[in-house]
Amino acid sequence: MEPKRITQINGPVVVATGEEDFAMHDMVYLGEEHTLGEVIKIDGDHSVIQSYEDTAGMKLNEIVQGTHEPLSVWLGPGLIGNVFDGIERPLAKLKENSGPFIKRGVNLPGIDLTKKWTFKPLVKVGDEISYHTILGTVVETESINHQILYPHQERGILCEIVNQGEYTVKDIIGKVKSETGEIISLSMAQKWPIRKQRPFAQRLPATIPLLTGQRVIDTLFPLAKGGTATIPGGFGTGKTMLQHQLAKWSDADIIIYIGCGERGNEMTQVLEDFPQLMDPKTGRPLMDRTILIANTSNMPVAAREASIYTGITIAEYYRDMGYQVAVMADSTSRWAEALREISGRLEEMPAEEGFPSYLPSRLSEFYGRAGRTLNYNQTEGSVTIIGAVSPQGSDFSEPVTQNTRRFVHVFWGLDRELAYSRHYPAINWMISYSEYIDQLTDWYEQKEGEEFIRNRAQMIELLNEESELNEISKVVGQDVLSEDKKLVLMICESIKKGFLQQSAVSHIDMAVPLDKQVKMLKMIIDLYSKTLDLVQKGIPVSKIQETGIFREYNKIKDEVPNGNLELLRQKEDEMEKKLKELERSYQDHLG
């Protein structure tokens, strides 16, 4: 059969013509340099291929070789702590093979096939083996025990298993006799197509929060494990900074950070910073539970489009072991732009702002792979997706932001004015929301009591009232407001400065445990209740302000170490004492 040959080159889109049969999403090698590509359209004997590498210098009539399998990633020990490009090629190995600039046609497996790992079997000969049975464990890092999973759908009986010892991921560690009588050889590595969701036994409800240490998130707009969230914001509003904080401080077991089309210098900072960071939970390097996927804006757009599927496939693999995995995609706007560029070269009919008409379905497919699951091996795992969106000019009505809102349940809208006034995180509490709060209420009430949910609702009510009062004040001024309304403005100023605003560089305030958040929330709500009582007794708000209790509350976040709830109680007692002295002196004055 005559092989297909290149007949047209249009940037990353290549047309090959010939007798050989290709299937949709088949992986192929283009030309003499074996440039990696994927079949995205078939028209008779014409196959349209998107190249995952630069096509400069490629010539017409060069041969296209088919692999007759979809683009897949290697899964096995050695993924954690690594840095990959968008199609799971390890950057360190690429540098060894290519030097400072990546050459075309360098196709490397995502894991080291020659490194030996200490395998400890957990099954014995004669055991019944089914899909995702845990065959044994490998200590991948100090923080992560890698579970070796049985990758085949066919049930069987284990007829051979190696003793504990050191093996490469390609060595045969066991054999299973399937129900049909076939002998299946087992190794520690497997491959999986990136565009195919990995199966699970049952989807579980999202009833456990992903705690992040950020008060505005954990208290007002919580995200559930297995949930979906988006962080939309214009240039300079802190999307990347917030995702870095979530990666460092969230209580996920494994972090997968996808730099999807980000600027090269920004991704360089990530690659330099992450290996130096320490995991606050274990005291080990953060890279012991982190995987980085780097696909910058100057790299081929097809690889950028594939990068988020690479990341989510690896996340599902660790979910199947029973881990809680958080995926940070920064940013899905650059991914959507890659879709738009490829669609334009394919001469497809554009939709709004030139994006392809299938943009919503692709976003739905991606976010739909999140979830908290019961796996076939009876472990429970989750994949939480947090995607950043970069709307031009902070225009949240543009297609990527609007379509993303349809498929996520948490919206953390970043505000340019807050960011430029150094309010971090710059999450605008008037436009943000979480649809998980009803599902998480039982968890919060069991852990922190019913009072927490009531206090949270009252804080949101106060912030909404403050927004209305600010609109009125713009017209008539604050002087005409009643004393109780002036108190609302003052207490909300403390809520914003003392509670919602955090410091990303303070060793105390960069991440706050939930018990301290709950206590700080109770303090500010109690402070409002007690000061409102004084106002109703006739004490002016200006007199309450003179006591300095609002300034004292604003300092708590920096002065009270995490874990020292006793000092918090002392601060609360001191503020209450000042209010009682004010009431007594005011009554004496009236008398």
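This is a predicted model: local features need pLDDT of at least 70, side-chain atom pairs count only at pLDDT 80 or more; totals for chains, interfaces and linings use all residues.
Student: Which helices and which strand each supply at least two residues of the lining of the largest pocket?
Tutor: Helix H1 (91-98), helix H4 (264-273), helix H5 (301-319) and strand E21 (290-295). Residues are numbered from 1 along each chain as its sequence is written, and side-chain values use heavy atoms, with hydrogens and water left out.

Student: What makes a set of points a pocket, and what makes it a cavity?
Tutor: On a 1 Å grid over the protein atoms alone, a pocket is an open set with protein on both sides within 12 Å along at least five of seven lines, a cavity is a set where a 1.4 Å probe fits but cannot get out, and lining residues have an atom within 4 Å of a point. The largest pocket holds about 870 Å³, a volume being the space filled by probe spheres set on points joined across faces, edges and corners. Its lining counts 35 residues, with Leu91, Pro100, Ile102, Thr296 and Met299 nearest the centre.

Student: How does that lining split by class?
Tutor: 17 nonpolar, 10 polar and eight charged. Charged means Asp, Glu, Lys and Arg; nonpolar means Ala, Val, Leu, Ile, Met, Phe, Trp, Tyr, Cys and Pro; the others, Gly among them, are polar.

Student: How many cavities of 30 Å³ or more does a search of the whole structure find?
Tutor: One. The largest cavity has about 60 Å³ of space, and its lining is Met523, Asp526, Leu527, Lys530, Glu572, Met575, Glu576 and Leu579. Helix H13 (514-536) and helix H16 (565-590) are the elements that give two or more of those residues. By class, that's four nonpolar, no polar and four charged.

Student: Why does His132 count as buried?
Tutor: His132 has 1% relative accessibility, so it counts as buried: the cut-off is under 20% relative accessible area, with exposed over 50% and partly exposed in between (1.4 Å probe, protein chains only). His132 sits in the loop between strand E10 (128-129) and strand E11 (134-139).

Student: And why does His46 count as partly exposed?
Tutor: Its 34% falls in the in-between range, so partly exposed it is. His46 lies in strand E5 (residues 46-51). From there to Gly548 is 76 Å, C-alpha to C-alpha, across 502 residues of sequence.

Student: What makes the nonpolar surface patch of about 380 Å²?
Tutor: Ile472, Val475, Val476 and Val480. Patch residues need over 30% relative accessible area and no salt bridge, with nonpolar side chains (Val, Leu, Ile, Met, Phe, Trp, Tyr) joined within 5 Å and like charges within 9 Å. A salt bridge puts a side-chain nitrogen of Lys or Arg within 4 Å of a carboxyl oxygen of Asp or Glu. Areas use the Shrake-Rupley method with a 1.4 Å probe, and for residues only the protein chains shown count as cover. Ile472, in helix H11 (residues 450-476), has 41%, so it counts as partly exposed and clears the patch cut-off.

Student: Which peptide bond near 5° is cis?
Tutor: The one from Asp330 to Ser331. Tyr424 and Pro425 are also joined by a cis bond, with omega about -10°. On the phi side, His68 is positive at about 60°, and His132 at about 70°. Most peptide bonds are trans, and most residues other than glycine have a negative phi.

Terms used
Helices (H or I, at least four residues) and strands (E, at least two) are DSSP runs, numbered from the N terminus.
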